[in-house]
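User: I would like to learn how to read a structure that is new to me, one feature at a time. Could you take me through this one?

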Amino acid sequence: MMRRHGAVVGMVVLLAVLPLFAPAFWVTLANYIGLYSMTALGLVLLTGVAGQTSFGQAAFVGIGAYVTAYLTTRHALSPWLTLAIGLACTGVVALFLGFITLRMRGHYLPLATIAWGISLYYVFGNLEALGGHTGLSGIAPLTLAGVALKDERRYYYLIWFVTLAALWATHNLLDSRSGRAVRALKGGLDMIEAFGVDAARLKIVVFVYAALLACVSGWLYAHLQRFVNPTPFGINQGIEYLFMAVVGGAGSVWGAVVGASLITLLKEWLQDLLPALLGRQGNFELVVFGILMVLILQFARDGVWQWIARVLPHPAPHPVVAAPPLAPRARTAPAGPLLEVQQVTKRFGGLVAVDDLSFVVTPGEIVGLIGPNGAGKSTTFALISGALPLTAGRVLLGGESIGSKPPHEIARRGLGRTFQHVKLIGTMSVLDNVAIGAYLRGRSGVVRAALKLDRAEEAQVRAEAARAVARVGLSAQLHTAAGSLALGQQRIVEIARALASDPTLLLLDEPAAGLRFLEKQALATLLRSLKAEGMTILLVEHDMDFVMGLTDRLVVMDFGLKLAEGSPVEIQRNAAVREAYLGGVA
Ligand code: ADP
Ligand code: MG
C-alpha cells in the first residue's frame, strides 16, 4: 500500500518539476496529454468500467470549448462564469442524449454516439455565430489571482492540477457505494437491480459525469489555444479518445493517463520518424498508427496499464475497520401473510412456465419450493422479484401489490435474493461483492463519494459486509476475488450478499447445489438461526433431505402447476408427488 502510494507520489513530483527543465515542446505535449487524459478518464469510467461504448466524447469537449469561446469573445463574460455555463449546457445535452441512447443495447449505442458526434461537429461548423469552419479567435487567456496564464509552463500547472483532481475524484468514486454498482453494471443488470440499484439512472449519471470531464477539458483547451475551430471536436478525435481509454486500460484511472500519453507520444514520434525514414511527406503515421492500435488491442486486451500494474508493487487490500452497525432496514410487518402469490401465470411464447400458481408465505416461515427440473421454480422467483413481468396474476409483499414494479423497487420493499446461476463480479473481492448487497442501506451519492465525504458510511458498509461474510463462514476469503472461489462457495457468497441487504424476505434459488455434506449442514444451521431471528425464507431446492429437515412447508410444482402443498411429512406421503418427483429421484 505504502509502496504503491510511493509510486503515485513519485509521479506527482515528476509532474511538478517537469516544466522546470523540460524544453517548451515537451511542456506543450504534456499539456495536451493532460487535456486528453481528462476526456479519456471519463471514457475509462463510461466504457471501460460501465461497458457503455461512446465515440462521441469529442463533441462534449467541443461544447466546453465553444461555450467559453463564444461567451468570452462576443459577450465578454468571465471565463470562470463560462465554465459554469459550459458545464450546465453539457449536463443538459448529456442528460438528453443519455435518456435516449442509453436504453439502446448492442451496437445501437455506439452508432448513436457516432451520430451525435457527427451532428454536433456540423453544428459547430455551420453556425455563423460560432465562426463557421474558421472558428473563433482572440480568446483571452485565463487569469488566476491576477496572473494571466499566457505562458504554457504556467498553464501546465493548471491543467495538471485539474487532471490530477479528476483522477483523484474518479478513483474515489470507483471505491464507493455507487462505484461498486458501476463496476457491477457489466455483470448484467438483473443482479444490481435486485439490490435496489436503479441501473438506468446510474448509467445516465456515469454518462453525465464523463461528459462533464470532457467539457472541462474543452474549456481548458480553448483558453490554452486561445482559438477554436470544429476540427478537434469531430468524430476522428472521438475515436481517438476511445482508443486512449481502451489502450490505456480500464483497470485503473491511471489507464487514462497511460492511454493519452501513449497515443499522443506515438503519433508525435511517428510524424517525425516516418517522413525521415521514407524520405517523403504524407500521412504515413496514420497508417502505422492504425496497425499499432490493432496489435495493441490484440495483445493487450485489458490495456497497457495492466502491464505497468504488474511491475508496480501490489496494493494491499484496505483493512476492514470497526464501525458502528448500519441502521436496520425498516420492516414491513404485515398482520397477514408476508408474500402472496395469487394465480400467477408466465408464458414464454407457447410455453406456460408458470401456470395459475398460488401460495402464501407467512412471516418467520421457511417455505420450500420444490419440483423437477423445468417445473418453473426459478421463473416463479423471477416473477416475485420483478426480474420478469407477469403474464397474469398478482404478487403482494406485505399486503402491497408489487407485480408490476421494477426489481429495484421491490428490493426497496425488503426482498433479498440469490440467483441459481451465480451472479457475482468475478474480479471484485468477496467483500466488495457482498457490499453491493448493502447498497440500499447507504445514502452517499456520486458527489459525496468523489469528494471522499462518504468514508464514515463506507466503513460501516464494509464492516457490515464483513459481518455477513463471517456469518456464512467465509472470512478467510474476504479479500479473495470472488471468481476464484469454488462454485459452491460462490453460492454462499450470494447468500452473504443477500444478508447484507437486511432483507425481510429472503429468496434462495438452489443454495445447496454444489456443496459438500458438511457445507450443507453448515448452511442448514445458518438458515435455522436466521429463522430464529425472525427472517422469512423461500427457497428452491433439489436435495430432498435438505428441505425435509429444514422447511416448515413445501410447495410442489410440476410443469408450471402447483401439484401439492403441505408439511414435509405430508409431501413425502403424497402419492402424486412421489409419482412426479420423489419417485423419479429415489
Ligand atoms: P426450474 O427452475 O423449476 O428448473 P425454470 O423456471 O428455470 O425451471 O424454467 C421453467 C420453464 O421455462 C423451462 O421449460 C424453461 O426452459 C422455460 N424458461 C425459463 N426461462 C425462460 C425464458 N427466459 N425464455 C423462455 N423459456 C424460459
Ligand atoms: Mg431453477
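User: Which element gives the largest share of the shell around ligand 1?

Analyst: Before the answer, a word on the basis: this is a predicted model, in which local features need pLDDT of at least 70 and side-chain atom pairs count only at pLDDT 80 or more, while totals for chains, interfaces and linings use all residues. Residues are numbered from 1 along each chain as its sequence is written, chains are lettered from A and ligands numbered from 1 in the order in which they are written, and side-chain values use heavy atoms, with hydrogens and water left out. Helices (H or I, at least four residues) and strands (E, at least two) are DSSP runs, numbered from the N terminus. Here the largest share, three residues, comes from helix 14.

User: Which residues surround ligand 1, and how do they divide into nonpolar, polar and charged?

Analyst: A residue is near a molecule if one of its heavy atoms lies within 4 Å of it. Around ligand 1 these are Phe348, Leu351, Ala353, Asn373, Gly374, Ala375, Gly376, Lys377, Ser378 and Thr379. For the classes, Ala, Val, Leu, Ile, Met, Phe, Trp, Tyr, Cys and Pro count as nonpolar, Asp, Glu, Lys and Arg as charged, and the others, Gly among them, as polar. On that basis the shell holds four nonpolar residues, five polar ones and one charged.

User: Which backbone atoms lie at polar-contact distance from ligand 1, and what part of the ligand does the protein bury?

Analyst: A polar contact is a pair of N or O atoms within 3.5 Å; within protein, one must be able to donate a hydrogen and the other to accept it, and residues adjacent in sequence count only if both atoms are side-chain atoms. In this model, an oxygen atom of ligand 1 lies 2.8 Å from a polar backbone atom of glycine 374, and another such distance, to alanine 375, is 3.2 Å. For lysine 377, a polar backbone atom is 2.8 Å from an oxygen atom of the ligand. Accessible areas come from the Shrake-Rupley method with a 1.4 Å probe, and for residues only the protein chains shown count as cover. Ligand 1 taken alone exposes 560 Å², of which the protein buries 60%. The elements that give two or more residues to its shell are strand 6 (351-361) and helix 14 (377-385).

User: How many residues does the largest nonpolar core have, and which domains does it draw on?

Analyst: A nonpolar core is a set of buried Ala, Val, Leu, Ile, Met, Phe, Trp, Tyr and Cys residues joined through side-chain atoms within 4.5 Å. Buried means under 20% relative accessible area, exposed over 50%, and partly exposed in between (1.4 Å probe, protein chains only). The largest core in this protein has 110 residues, and those with the most contacts inside it are Phe60, Leu220 and Val228. Helix 9 (residues 199-225) gives the largest share of this core, 17 residues. The core draws at least three residues from each of domain 1 (23-234) and domain 2 (339-582), with bounds that come from an automatic or database domain assignment.

User: Is threonine 101 buried or exposed, and what lies by its side chain?

Analyst: Threonine 101 belongs to helix 4 (residues 79-101) and counts as buried because its relative accessible area is 5%. A polar atom of its side chain lies 2.6 Å from the backbone oxygen of leucine 97.

User: Which residues other than glycine have a positive phi?

Analyst: Two cases can be named. Alanine 76 has a phi near 55°; it is found in the loop between helix 3 (57-74) and helix 4, and with a relative accessible area of 65% it is exposed. Aspartate 356, with a positive phi of about 55°, is found in strand 6 and counts as partly exposed at 44% relative accessibility.

User: How many helices and strands does the protein have?

Analyst: There are 23 helices and 14 strands, and buried residues make up 53% of the 586 residues.
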